[in-house]
Amino acid sequence: MSELRCRKTETLEEDKEGHKLQNEPEGVQTERKFDKFKLSEIIIFLQRLVKVICGCLAAVACGMLYAVYLAMYHDRKYWFSVRQEMEREITFQAGSGLYYYYYKHMLSASSFQRGFYELTIDNKTVSGQTINAVERLSLYPELITSFIYRVTGSQDFVEPIYFYVGAVFGLQAVYVTALFVCSWVMSGSWVAGMLAVAWYVIIRPDTTKVDHAIPLRENWALPYFSCQVAALTGFLSNNISSATEMFCYLTMSAATFTFLLVWEHSHYVLFIQGLCLFLLDFFDLMADIHKVYLSSLLLAYLFQFQNPNLLSSPLLSLLIGSVLARYFQYSLFICVSDFITNFLLCQESFQTPSQDLFLRLTQASVLPFYFLVLTVCLLSTLETIYRRLSGQPMKTKVKLEDGRIGEQPEVVYHVFHTLLFGGLVLVFDGYYLWTPYVCMFTAFGVCSPELWMTVFKWIKLKSLHPVVLALTLSTSVPTIIGFSLWREYCPRVLAELAEMQEFYDPDTVELISWIKNEAPKAAVFAGSPQLLGTVKLCSGSVVTSLPLYSDISLLKKSEDPYQVYAMRSAEEVYKILTSQKTNYVIIEDAICNELSLNRGCRIKDLLDISNGHVVYDKGEIHSLSKHGRFCHEIKMNYSPYTNYFTRVFWNRSYHVYKVNSVISFQY
């Protein structure tokens with residue numbers, strides 16, 4: 001009875017309040033409704049703000065943790081903190097140490113302006129040539145890093161090499177942060193960003209080259225490309241304000257310009273991206289943003305000393321020509337020898353990826369979900385294109401209930417992006433351009449309710465409410481994936497940091513020590529471009545060639561020193577080396593005695609083919625010449641080799657011979 005009386009009392013009070021509202025003037029009622037509406041707007045705004053703040057904190061945290069992880073792993077792998085300066089520099093592999101040499105040069109110069117001027121008229125690097133090293137080697141990362149090191153007074157508390165390595169690792173943090181943001185913007189959930197970063201770290205050997213060659217140009221450039229893609233993704237989104245759109249546009253312009261400035265191959269990457277945007281523009285799925293490319297190309301052309309490669313780039317051809325692929329450059333192989341052509345085609349970057357790549361992606365669960373997400377998004381995109389061609393208007397704002405993920409311009413762009421770059425991976429080994437965006441695209445898909453809703457619309461799900469199920473799957477699926485990845489790969493990652501690896505190259509250390517202590521300062525060294533990059537870095541000596549494959553003139557110069565591995569006479573090799581004013585030639589046993597299964601791509605095989613020292617017998621290639629292989633014969637120490645060359649240093653890996661200025665005819 002007491003409960004019934006309470007309910008009656010509550011009902012009477014509610015009725016009284018209702019009568020009061022009805023008796024209030026209309027203006028007061030309108031004001032009350034406005035206040036409630038305003039309060040709900042504030043609550044929604046605060047919810048979104050909290051979500052954005054949490055997402056930004058998670059993105060920054062992921063980037064910083066990844067940078068710390070790289071620094072710790074690098075120190076464990078190379079024992080970096082306990083090495084001497086020269087031993088640290090030798091860890092820059094694949095000839096990449098040459099870039100660090102110019103960073104050291106900028107710091108040792110009397111002023112930044114003086115160092116910059118000396119690099120533009122560099123006559124102390126390549127024998128017999130004065131080059132603009134800033135243009136030839138795209139040295140803006142070293143210029144900017146050395147400038148920051150000077151003006152911040154960092155020399156008081158951090159060594160130059162740590163500052164340089166830290167700058168690269170910091171950019172890698174920006175890289176993964178941009179991938180996080182990109183996946184977050186597309187899916188609406190920052191869980192997608194965390195999953196993208198997790199996959200990126202797990203398959204790190206297939207997503208980046210920063211582990212073994214820190215100074216490479218792509219390690220400096222690709223973080224800016226990632227920022228550009230993230231800004232482009234935001235720009236293509238329909239539900240952004242005009243201020244956000246302008247911010248994305250300016251970010252795209254700045255990132256595109258920087259990307260063009262620091263990597264000589266960047267315009268090829270932007271050409272592929274330009275094709276994606278052209279397809280979106282062709283189907284009227286986006287606004288025209290090609291002026292971003294035009295302005296960035298113009299600025300990069302001016303800053304790179306009127307670099308002609310930018311004017312003849314396929315990107316510019318795409319922007320100003322009606323035939324998209326007509327101007328794609330093959331001039332790299334024009335007017336060069338068979339050796340240079342075959343040498344470039346045998347480089348790792350021109351090889352198709354091994355099956356191990358796809359196996360590793362499958363084991364990390366990336367590839368199966370990637371194919372699922374790509375299939376759904378591609379089919380939905382094709383539906384959208386069909387509707388556009390049929391004259392049906394596109395919705396300005398796609399709702400979750402519509403189940404049309406292919407009508408989102410940012411999704412369509414990334415479908416084209418991943419397909420075109422994936423096609424390149426099948427042609428050559430450009431995996432590091434594709435796999436990071438596979439991680440990002442896959443993470444977006446499994447965390448996107450729109451993707452699951454699109455599937456349910458196709459199968460016409462009626463037993464369960466499709467919206468509720470889509471929201472449930474977009475949360476539960478990434479949670480299950482994340483838990484399984486944490487359980488399997490977290491112990492492996494921690495084990496990598498705990499394991500003390502050993503990287504030591506005593507033969508190279510011994511060689512560089514001899515050059516610094518025994519060879520004349522003005523001596524000119526010949527050898528393989530990769531080794532000469534290390535020689536230049538650690539000793540500062542003049543060399544005959546550089547490990548730079550985008551410059552035709554330097555590529556041609558690298559062919560001559562390689563003749564020490566050909567079947568040539570002592571007199572022929574002597575004339576070749578003296579024509580380049582060589583004082584010492586370094587012969588590497590690893591090249592001379594190479595036993596690779598891919599015989600057609602060994603240096604000595606390429607030289608034999610170029611020099612016409614091969615015969616074909618029943619489909620097999622055999623080397624044949626009246627002279628023995630020079631690198632073998634010279635080690636025998638008999639005439640006429642001793643007439644032209646004198647051995648001055650040797651160890652297990654290297655033999656250094658002085659090129660005699662006066663020929664001694666002793667038999």
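User: How do the residues of the lining of the second largest pocket divide into nonpolar, polar and charged?

Analyst: They divide into 17 nonpolar, twelve polar and five charged. Ala, Val, Leu, Ile, Met, Phe, Trp, Tyr, Cys and Pro count as nonpolar, Asp, Glu, Lys and Arg as charged, and the others, Gly among them, as polar. The model is predicted: local features need pLDDT of at least 70 and side-chain atom pairs pLDDT 80 or more, whereas totals for chains, interfaces and linings use all residues. Residues are numbered from 1 along each chain as its sequence is written, and side-chain values use heavy atoms, with hydrogens and water left out.

User: How much space lies in the second largest pocket, and which residues are the closest to its centre?

Analyst: Rolling a probe the size of a water molecule over the atoms shows where empty space is left. Here the second largest pocket holds about 1,400 Å³, a volume being the space filled by probe spheres set on grid points joined across faces, edges and corners. Its lining has 34 residues, of which Trp184, Val185, Gly188, Asn239 and Ile240 are the closest to the centre. A pocket is an open set of points on a 1 Å grid over the protein atoms alone, where a 1.4 Å probe fits, with protein on both sides within 12 Å along at least five of seven lines; lining residues have an atom within 4 Å of a point.

User: Which helix gives the most to that lining?

Analyst: Helix α8 does, with seven residues. At least two residues each come from α2 (26-78), α8 (160-187), α10 (217-236), α11 and α21 (449-459). Helices (H or I, at least four residues) and strands (E, at least two) are DSSP runs, numbered from the N terminus. The chain has 30 helices and seven strands.

User: How is the packing of α11 and α12 described?

Analyst: Two packed helices are described by the angle between their axes and the distance between the axes. Helix α11 (residues 242-262) packs on helix α12 (residues 266-282) at about 140 degrees, and their axes are 8 Å apart. Therefore α11 is oblique to α12. Angles under 35 degrees count as roughly parallel, over 145 as roughly antiparallel, 65 to 115 as roughly perpendicular and the rest as oblique. Axes are lines fitted to C-alpha atoms, for helices over the stretch in contact, and angles run from 0 to 180 degrees between N-to-C directions. From α11, Thr256, Phe259 and Leu260 make the contact, and from α12, Ser266, His267, Val269 and Leu270; contact means heavy atoms within 4.5 Å. These residues divide into four nonpolar, three polar and no charged.

User: Is Arg88 buried or exposed?

Analyst: Arg88 is buried, at a relative accessible area of 5%. Buried means under 20% relative accessible area, exposed over 50%, partly exposed in between (1.4 Å probe, protein chains only). Arg88 lies in helix α3 (residues 85-90). Beyond its neighbours within four places in sequence, Arg88 is in contact with Phe80, Ser81, Arg83, Glu159, Ile161 and Tyr162.
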